[in-house]
Amino acid sequence: MAGQFRSYVWDPLLILSQIVLMQTVYYGSLGLWLALVDGLVRSTPSLDQMFDAEILGFSTPPGRLSMMSFILNALTWS
């Protein structure tokens, strides 16, 4: 009976690969949303928009763009 799902077997490689895949999909789609939003308003894209906590906020225009991208990303995958 090959090909059955093994729900009773602990498979750490499967768990780790699923975690890596989910993180890759999340940050990849967030990068696409940031590039799209930055392209629409003709802003310069930066990795700081994803990873810098000082930029994330509604007080500055780049912060608003980043927050809008985070919200669009969450709505895309919900």
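Leu56 sits in the loop that joins H2 and H3. Helices here are DSSP runs of H or I with at least four residues, strands are runs of E with at least two, and both are numbered from the N terminus. The model is predicted, so local features need pLDDT of at least 70 and side-chain atom pairs count only at pLDDT 80 or more, while totals for chains, interfaces and linings use all residues. Residues are numbered from 1 along each chain as its sequence is written, and side-chain values use heavy atoms, with hydrogens and water left out.

Leu56 is partly exposed because its relative accessible area is 32%. Buried means under 20% relative accessible area, exposed means over 50%, and partly exposed lies in between (1.4 Å probe, protein chains only). Contact is defined as heavy atoms within 4.5 Å. Leaving aside residues up to four places away in sequence, Leu56 touches Gln49, Ser66, Met67 and Phe70. Ser66 is 10 residues from Leu56 along the chain, and the two C-alpha atoms are 6.4 Å apart.

The protein chain holds three helices and zero strands. Along the sequence the pattern reads α-α-α. Helix H1 covers residues 12-41. Its 30 residues should span 44 Å at 1.5 Å a residue, and the end C-alpha atoms are 44 Å apart, so the two values agree. The expected span is 1.5 Å times one less than the number of residues. Just after H1, Arg42 adopts a positive phi of about 55°.

UniProt, in an unreviewed entry, lists residues 20-41 as "transmembrane region". UniProt positions follow the numbering used here, feature names are shortened, and annotations may be inferred rather than shown by experiment. Over residues 20-41 the chain is 100% helix and 0% strand. The end C-alpha atoms of this stretch are 32 Å apart.

The buried residues of H1 are Ser29, Leu30, Leu34, Val37 and Asp38. Their cover includes helix H2 (48-51) and helix H3 (61-76). Leu36 also belongs to helix H1. With a relative accessible area of 44%, Leu36 is partly exposed. Asp52 lies 16 residues from Leu36 along the chain, and their C-alpha atoms are separated by 19 Å.

A pair of aromatic rings is described by the distance of the centres and the angle of the planes. Rings of Phe, Tyr and Trp (its six-membered ring) pair if their centres lie within 6.5 Å; planes under 30 degrees apart count as stacked, over 60 as edge-to-face and the rest as tilted. The count by this rule is one aromatic pair. Tyr26 and Tyr27 form this edge-to-face pair, at 5.0 Å centre to centre and 80° between the planes. Tyr26 counts as partly exposed because its relative accessibility is 31%. Tyr27 counts as partly exposed at 34%.

Along its principal axes, the C-alpha trace of the protein chain spans about 60 × 20 × 20 Å. The radius of gyration is 18 Å, whereas a compact globule of 78 residues would have one near 12 Å. This radius is taken over C-alpha atoms, and the globule rule is 2.2 Å times the number of residues to the power 0.38. Of the 78 residues, 17% count as buried. Among contacts in the protein chain with a separation of 6 or more, 46% join residues 24 or more positions apart.
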